Amino acid sequence: ILLPIVALDDAVGLIVFAASTGIAKALHSGAVSPVSVLVNPTVEILGSLLMGGALGWIFSLVEQYFNSRSKRLSLAVAFVFLCAAFSKLSFSLPGGIDIHFSSLLVCMMCGTVFCNLCDFSEEIMYRTERWVAPLYVLFFVLSGAELDLRVFADLAVVGIGLAYILTRSAGKILGAHVSAKLVKCPETICKYLGITLLPQAGVALGMSVSVAAEFGEEGAVIRSIVLFSVLIYELVGPILTRMALSAAGEITPTPTSSRGVVPTVDKQTP
């Protein structure tokens, strides 16, 4: 239950982020109108979903013509770049309607459609994940390098950061508990699911990059707050997740002997 909820959480977060960013842009520029507050964010969300869905559908069709694993992997990387490139397009229509796209939402929708249409998507995703670890490390190193601790000399920023961490944690735990109760999930899910949702990293950092690029000095402060919260959550979150999964009986320690780990044997039916 945890794995699809995490993916859905990211998708909903990106949609809400796109809508709130559009409203924030209108307020920041002073050009507040029904079009800038309601129409433009809605067009950005729907346009990003349509673009990502179309690219994911094309991706699933093109992959069928390649049998080589290396070529399939290269094509997967190429479509990531295509998603990022097409999401940079923008158009202006009469009536003050501006059409923009969210690169994060486009990429997520592309992957969702592709993995649900392509029969061998699991193989491609497995091979992709084997070499992206250094990119993850580079991404987090570059993100951490932008954490300016001097912004926390302002008590107001510290207060906002603490409020963000506490309210997010409360929302995850209470929201998961209440919703699990409403749909009558087992007690272990009601009790421990919210704790396992606390870790925060990739998508939040990606959204903070967009904010920093769009809103200048205010965006830099927001990015520093998010980076600091990610640091806290990634220090504490995985430990709490492990404890919650252990308490729920979902994971158990690997049995060990005096010589080390006892190897496990796969039992295959005839």
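## Terms and basis

Contact means heavy atoms within 4.5 Å. Helices (H or I, at least four residues) and strands (E, at least two) are DSSP runs, numbered from the N terminus. This is a predicted model, in which local features need pLDDT of at least 70 and side-chain atom pairs count only at pLDDT 80 or more, while totals for chains, interfaces and linings use all residues. Residues are numbered from 1 along each chain as its sequence is written, and side-chain values use heavy atoms, with hydrogens and water left out.

## Overall layout

The protein chain has 9 helices and 4 strands. From the N terminus on, the elements run α-α-α-β-β-α-α-α-α-α-α-β-β. The C-alpha atoms fill a box of roughly 70 × 55 × 40 Å, taken along the principal axes.

Two packed helices are described by the angle between their axes and the distance between the axes. Axes here are lines fitted to C-alpha atoms, for helices over the stretch in contact, and angles run from 0 to 180 degrees between N-to-C directions. Angles under 35 degrees count as roughly parallel, over 145 as roughly antiparallel, 65 to 115 as roughly perpendicular and the rest as oblique.

Helix H7 (residues 155-182) and helix H9 (residues 202-247) pack at about 50°, with their axes 10 Å apart. H7 and H9 are therefore oblique to each other. On the H7 side the contact holds Val157, Ile160, Gly161, Tyr164, Ile165, Arg168 and Ser169, and on the H9 side Val221, Ile225, Phe228, Ser229, Ile232 and Tyr233. These residues divide into 9 nonpolar, 3 polar and 1 charged. In this scheme Ala, Val, Leu, Ile, Met, Phe, Trp, Tyr, Cys and Pro count as nonpolar, Asp, Glu, Lys and Arg as charged, and the others, Gly among them, as polar.

Leu147 lies in the loop between helix H6 (133-145) and H7. Leaving aside neighbours within four places in sequence, Leu147 is in contact with Phe152, Ser224, Leu227 and Phe228.

## Packing of H2 and H3

The axes of helix H2 (residues 34-63) and H3 come within 11 Å and cross at roughly 160°. H2 and H3 are therefore roughly antiparallel to each other, and the crossing is right-handed. Met51, Leu55, Ile58, Phe59, Val62 and Glu63 in H2 meet Arg72, Leu75, Ala76, Phe79, Cys83 and Phe86 in H3. By class, the contact has 10 nonpolar, no polar and 2 charged residues.

## Pocket and cavity

On a 1 Å grid over the protein atoms alone, a cavity is a set of points where a 1.4 Å probe fits but cannot get out, and a pocket is an open set with protein on both sides within 12 Å along at least five of seven lines; lining residues have an atom within 4 Å of a point. Grid points are joined across faces, edges and corners, and a volume is the space filled by probe spheres set on the points.

The second largest pocket has a volume of about 890 Å³. Of its 32 lining residues, the closest to its centre are Tyr164, Arg168, Gln200, Ala204 and Met207. Helix H1 (2-29), H7 and H9 each give two or more residues to this lining, with H1 giving the most, 12 residues. The lining has 19 nonpolar, 8 polar and 5 charged residues.

The count comes to 1 cavity of 30 Å³ or more. The largest cavity is lined by Arg69, Arg72, Leu73, Glu123, Ile124 and Arg127, of which 2 are nonpolar and 4 charged.

Definitions and conventions: A crossing is left-handed if the near helix is turned anticlockwise from the far one by less than a right angle, and right-handed if clockwise.
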